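Please read the points with the model open beside them.

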Amino acid sequence: MNKHVTQDHTQQIVLMMNKRHYKEACNILIKRIEDNLASKLDYLLLARCLRNRKQYSKSYFYLRKVDFADNQPYGHYYQFGRIAYLAGKHNVAKKAFEKAHSKNDKIKINIAYLAIVNFQLGEYSEAVQCFRKIGSFRKKYAYLCDVRAFSLLLDGQTVKNMPVDLTSPEAALCHEIKQCRNTQNKEGESLLRTMLKELPLVARRHQPIGRTRTSNSDLVMLKSSDMRFAEFLQDPERRKIYDTLSLPSSFYSLCSLFQSFNLDEEARHYLFLLIEQKQISEDDICLAGNCFLALGMLDPALRAFSHALELDADTLTAYYGISQVCDALGDKQKALKYIKHHLNIVPRDVKALSWIAMHYIQAGDSVLAAKQLNKLERLEKGSPTHIAAIKAYFEKFGVTFNPSATLPDYHYIDWSSIEIPNEFLFSQPVELKKSKVDYLENFKQSSNVITALILREMTGRFGRSGIGYLWAIIQQLVFVSVFAAFFEFRGKSLPYGVDLLGFLITGISAFFIFRNTTGQMKTALTKNKSLLHYRQVSPFAIYSARSILEFTTGLVVFCLLVCASMVLGETVSMTSLLQVILVIFMLNLFGAAYGILIACVSIFFTAFSSFEQGISRVLFFTSGLFYYANELPPDIRDILMWNPLFNLIELLREGFFSTYTAEYASREYVAYWTLGLLFAALVVERTSRRRALEA
Amino acid sequence: MIHLKNVAKTYNTKSGERTVLLPTTLSIPSHEHIAILGRNGAGKSTLLRMISGVEKPDQGVIERKTRLSWPIGFGGALLNTLTGRQNVEFTARIHSVDPDKTFDFVQDFSELGAYLEEPVKSYSAGMKAKLAFGLSLSIDFDCYLIDEAISTGDRWFREKAANAFDERRQQSGVLFVSHNPALVKRFCDKALVLADGHLVPFSDIDEAIDFYTYGLLG
């Protein structure tokens, strides 16, 4: 046969194996062996296929035919060792693993196997040495930890980390051997050691490192050795020693063992021994409860669980037990209630989650069911064996285990019982003395913020080129010129020896200071909302900044207009500059208060802002922009003097023109108005702030 | 430490009242890296705004014993009408730091160059994030409040930001709001999960992620 063909056929086999068609591959390979065409590689491939089909003895049979001389690579010895181990040939396996070890002593899984094989052969000290070599590697596999603990015990050494799964008889035995050593019970210890040696060990229940062994011969072997153990204890002599040990956890495991062989009599015997214990803990009572439950004795089971809960309300398994009893009694709602409670104590209990998922599937609540399935998948992500077990559980009920993405499930969580980690526990902040408040620092901080806001407003509103400033002047200039032309056309001369331009400027400019401030306040928050992301910036600071800016702008524009009128030949003689500035400030303050009020009210009533436009028109004509109070007919004047803006403009003119006295305007009246409005505005701003920020 | 004493918050929406946070009493260590996990709309950002002091809770008191940043997010704190430079200067001023130095740092970090003289409204979302992130790094805080800002920008900037941020969090604490468990795991060691109005603290980030994605405790 030429080489080319051999390669071809090997490739074909490897391809089949990749596709997991082991049976077909086996058939081809066996045919080749029968035809005497097989090479060494064929035997290796065949052994592998058979191993994957879980026919370990057959696999070992073919593999033995291959000559394993000294010059083989590591992998061959390792594979041979594994198959020999699986086929139960521990001696051969040991040799193979040792050879593999001599080829490569770095690979820990090989040493782990060597340790297990040593343990199986009763070479406990060698096994212990092997475990020492692999160090913390064993922690990946609970199984390895268990076997290490057994080896140490049987080698007569002390064990720190005992196996945790107390429901397996072997682990229970471990604990008891330790206890016997502590109490110097030699007789008991030797009996237990014999038991541990002769027991159907965990080692045989699971395949080492991962997968389960399910071949039929294995099961038979397992069953027979379990049987042997049961018989072992049926011997009265041994039993007498054993029963004096009074070890609740092993009574429980024995009980469950007997029960698995339908030896209910024996099971009950140990169950009652368990219950009769004097210093029985709530956990042991729960174990007894589980046994009663398994034996179908529901009433005693319920009593046991309730008793455990009386001893300690947080007993881990008691709620689950009760729910199982309720389930058996057909009370699904009660069962659900208790299982939810159980899940609040043990949130990651796969058994309970599987039960609750099944319950929701049967109740037709697909959303809640999917949420539980997701949790199950998450919990057993790393372990294909456990996933398979869960799948089997669901298939038992005729349901396929098929998790799909869902939202997290918080529906049964008892929020009040969630523990808060120490670092998040509330600790009362240390109160600082009130006098430590640094007012100067606070003032500096606020003035920094307001300065920044003013600068931001200037650049934002007036633009980079300064056209905005120009517009502020032009706007008023246009108004003043239009009305000046109008008055000039009518040819009416003004009383009190006042020049026309000065008269119009004091009216129009004053009105615009009020008007512009109001407008600025109305949009202050909406335009600056993103600035409120800074804790330092408060709505009040924004209002203040805009108001200050508006005051300065108004003052500057007013001065410019007055200067312009002087250039045009008008004479200006003021009574009081202070009064002029003060009135302008009052106009600004009044406008600000009014604007804030409107802004806040229109958050709640959006139609209010168009209503406000109407008010603005009315104010334009009733605020004395184009007439004096002194020259109005008394009855009209009495009505118009109610308008605070009219009062302010009158006062401005009184300050501005040395020849004019505002006989009817009242400073107090204006002050009350401004203060009242400001108070109202700040109150409304405060109460509506939350709504303003949300909108 | 940030102390939350009996803090609660609800929102009024058209469909009725929505609870963001039920009365909660907690202390949040401000020198550690803590994530706030929650679904979209659970109220994470509101919580962060309350912690930062921008928004007031309905009841209860929040005490801040550290220098906290503003909630750094998708350029939320930037003013669209201002240029990049003006925004930087504004932020520097309200935090009482030198505007020019801050601007130099941001210019260097954000790589926006001449764009910094353009109004922010002409920026793309990525550019805004660059500016916002550079701005936040330019000022020293004890604790940074971050609202998923790190995930924006192009790949190179993202790496740069993550590195700069890694460096910064050696000295400073972080409160990192996100709905993305993978991102959270990269930056945080502890977490708070906001679910159904409950704020549940975890000292282990994996536990928190399990609780957030599956509702699994323990």
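Which residues are linked with Asp210(B) in a network of salt bridges?

1. The partners of Asp210(B) in this network are Arg348(A) and Arg378(A). A salt bridge here is a side-chain nitrogen of Lys or Arg within 4 Å of a carboxyl oxygen of Asp or Glu. By this rule the count is 23 salt bridges over all chains.

2. On the basis of the numbers: this is a predicted model, in which local features need pLDDT of at least 70 and side-chain atom pairs count only at pLDDT 80 or more, while totals for chains, interfaces and linings use all residues. Residues are numbered from 1 along each chain as its sequence is written, chains are lettered from A and ligands numbered from 1 in the order in which they are written, and side-chain values use heavy atoms, with hydrogens and water left out.

3. In chain A, Lys375(A) forms a salt bridge with Asp409(A), and the closest N and O atoms are 3.0 Å apart. Lys375(A) lies in helix α22 (residues 366-379) and Asp409(A) in the loop between α23 (384-396) and α24 (439-462) of chain A, so the pair ties together parts that are 34 residues apart in sequence. Helices (H or I, at least four residues) and strands (E, at least two) are DSSP runs, numbered from the N terminus. Both Lys375(A) and Asp409(A) are buried; buried means under 20% relative accessible area, exposed over 50%, and partly exposed in between (1.4 Å probe, protein chains only).

4. In chain B, Lys160(B) and Glu111(B) form a salt bridge with the closest N and O atoms 2.9 Å apart. Lys160(B) belongs to helix α5 (residues 155-168) and Glu111(B) to the loop between α3 (99-110) and α4 (125-138) of chain B, so this pair ties together parts that are 49 residues apart in sequence. Lys160(B) counts as partly exposed because its relative accessibility is 28%, and Glu111(B) is partly exposed at 49%.

5. A further salt bridge joins Arg85(B) and Glu89(B), with 3.7 Å between the closest N and O atoms. Both residues lie in helix α2 (residues 84-94) of chain B, four residues apart, about one turn of the helix. Arg85(B) is partly exposed at 28% relative accessibility, whereas Glu89(B) is buried at 15%.

6. Chain B has an open sheet of six strands in the order β5-β6-β7-β3-β8-β9, with mixed pairing; two strands pair if DSSP finds at least two bridges between them. The edge strands, β5 (68-72) and β9 (198-202) of chain B, each pair on one side only. Strands β3 (residues 33-38) and β7 (residues 173-178) of chain B pair in the parallel sense over five bridges, and Ile36(B) stands opposite Val177(B) in β7(B).

7. Helix α7 (residues 205-214) of chain B lies across β3, β8 (190-195) and β9 of chain B, at about 15 degrees to β8(B). Axes are lines fitted to C-alpha atoms, for helices over the stretch in contact (heavy atoms within 4.5 Å), and angles run from 0 to 180 degrees between N-to-C directions.

8. Is Ser547(A) buried or exposed? Ser547(A) is buried, with a relative accessible area of 11%, and has its place in helix α27 (residues 539-567) of chain A. Leaving aside neighbours within four places in sequence, Ser547(A) is in contact with Met521(A), Asn588(A) and Ala592(A).
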